[in-house]
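This briefing is meant for a reader who is meeting the structure for the first time. Please keep the sequence and the model at hand while going through the points below.

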Amino acid sequence: SVKFDGSQSYDPDLCDKSYSNLDSCNFDFGDGTKYSETKDKALDGKFDCTTNYTFNNISKFTPNFNVKDKKGANSPNVNCSISIEDLRDQYEEDDTFDQAKPFTIGSSQEHNFYDDSTDILYFNTTPYTIYNLCSYANSRYSPIKPILELFNSDKKTQITTNYYNDDFCKNLIYLSTNQEKLYIKLSDGNNKIGTNEKYTINMHSENISEDDTYEEDDTYQQA
């Protein structure tokens with residue numbers, strides 16, 4: 001959403017240099033949409049020569065603005081150039097468990113919290129493998145705190161989290177004894193929404209089944 005503010009406009013023929021003495025404030029957003037604000041017709045209920053507009057397309061636009069006084073005279077147009085860019089990372093949409101994107105073990109991915117503060121990934125485990133995941137903001141001065149939560153294949157049961165890890169690279173370690181599909185939920189521990197701040201997640205694994213000659217020894221019956 002872009003805020004357009006023409007509240008410094010006024011009628012130079014009057015002593016009161018205020019937009020309140022104008023007849024209308026006219027916005028042409030440059031994408032085919034126009035909006036004329038008057039005292040009787042204001043989207044937010046108040047005539048203040050200010051409005052917000054959301055562009056629906058990724059492109060460059062040249063909005064125009066002018067005002068009309070109560071005698072019907074129009075001011076010259078004032079314009080500017082606006083470039084609307086796609087700030088989404090390559091993994092969007094990935095905001096729900098049903099939209100989860102695959103994560104390759106041994107790799108790293110760079111994300112940003114585009115329109116909210118949640119991204120969800122998934123990976124498939126190998127029995128008797130330790131997985132070490134790490135999430136961190138790309139800048140030490142970033143306002144976000146990317147948190148990892150590991151969920152069961154039912155998408156509801158949380159297995160573990162690195163929420164309480166205050167290191168710059170917040171590690172999460174998990175030992176899988178089965179072949180399973182797990183979900184990684186990433187969220188901002190500082191609860192900031194739509195910051196577009198970049199963060200990185202990486203993961204490596206170590207299979208321990210060949211190194212441990214005592215397996216299976218996970219239950220009292222297997223002791």
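What is the order of the strands in the open sheet of five strands? The model shown here is a predicted one, and in it the open sheet runs in the order E9-E11-E16-E13-E14, with mixed pairing. The points below begin with the strands and then turn to cysteines, aromatic rings and backbone details.

**Strands and their pairing**

- Strand E9 (101-102) and strand E14 (158-161) stand at the edges of this sheet, and each has a single partner strand, so one side of each is left without a neighbour in the sheet.
- Strand E13, which covers residues 146-151, pairs with E14 in the antiparallel sense over three bridges, and Phe-151 has Gln-158 in E14 as its bridge partner.
- Strand E12 (residues 129-137) and strand E15 also run antiparallel, and they are joined by seven bridges; within this pairing, Tyr-131 stands opposite Tyr-174 in E15.
- In a regular strand the side chains alternate between the two faces of the sheet.
- Strand E15 (residues 170-176) has a covered face with Lys-170, Leu-172, Tyr-174 and Ser-176, whereas Asn-171, Ile-173 and Leu-175 make up its uncovered face.

**Cysteines**

- The structure holds one disulfide, which is formed by Cys-25 and Cys-49, with their sulfur atoms 1.7 Å apart.
- Cys-25 lies in strand E2 (residues 22-28), while Cys-49 lies in the loop between strand E3 (34-37) and strand E4 (50-53), so the pair ties together parts that are 24 residues apart in sequence.
- Both Cys-25 and Cys-49 are buried, and for Cys-49 the relative accessibility is 0%.
- Cys-80, by contrast, takes part in no disulfide, and the nearest cysteine sulfur, which belongs to Cys-25, is 15 Å away; a disulfide would need the two sulfur atoms to lie within 2.5 Å.
- With a relative accessibility of 37%, Cys-80 counts as partly exposed, because that class lies between the limits of under 20% for buried and over 50% for exposed.

**Aromatic rings**

- The structure holds 14 aromatic pairs, and one of them is the edge-to-face pair of Phe-4 and Phe-27, at 6.5 Å centre to centre and with 65° between the planes.
- Because Phe-4 lies in strand E1 (residues 2-5) and Phe-27 in strand E2, this pair ties together parts that are 23 residues apart in sequence.
- Both partners are buried, Phe-4 with a relative accessible area of 11% and Phe-27 with a relative accessible area of 5%.
- Ring pairs link Phe-4 and Phe-27 into a cluster with Phe-29, Tyr-35, Tyr-53, Phe-55, Phe-61 and Phe-65.
- Elsewhere, the ring of Tyr-122 has the charged end of Lys-181 sitting over it, 4.2 Å from the ring centre.

**Backbone details**

- Glu-92 and Glu-93 are joined by a cis peptide bond, for which omega is about 0°, and Glu-93 has its place in the loop between strand E8 (82-83) and E9.
- Cys-49, already named for its disulfide with Cys-25, has a phi near 60°, which is a positive value in a residue other than glycine.
- Tyr-128 likewise has a positive phi in a residue other than glycine, with a value near 55°, and Tyr-128 is placed in the loop between strand E11 (118-124) and E12.
- At 13% relative accessibility, Tyr-128 counts as buried.

Notes. Residues are numbered from 1 along each chain as its sequence is written. This is a predicted model: local features need pLDDT of at least 70, side-chain atom pairs count only at pLDDT 80 or more; totals for chains, interfaces and linings use all residues. Side-chain values use heavy atoms; hydrogens and water are left out. Two strands pair if DSSP finds at least two bridges between them. Helices (H or I, at least four residues) and strands (E, at least two) are DSSP runs, numbered from the N terminus. Buried means under 20% relative accessible area, exposed over 50%, partly exposed in between (1.4 Å probe, protein chains only). Rings of Phe, Tyr and Trp (its six-membered ring) pair if their centres lie within 6.5 Å; planes under 30 degrees apart count as stacked, over 60 as edge-to-face and the rest as tilted. A charge sits over a ring if NZ of Lys or CZ of Arg is within 6 Å of the ring centre and within 35 degrees of the ring normal.
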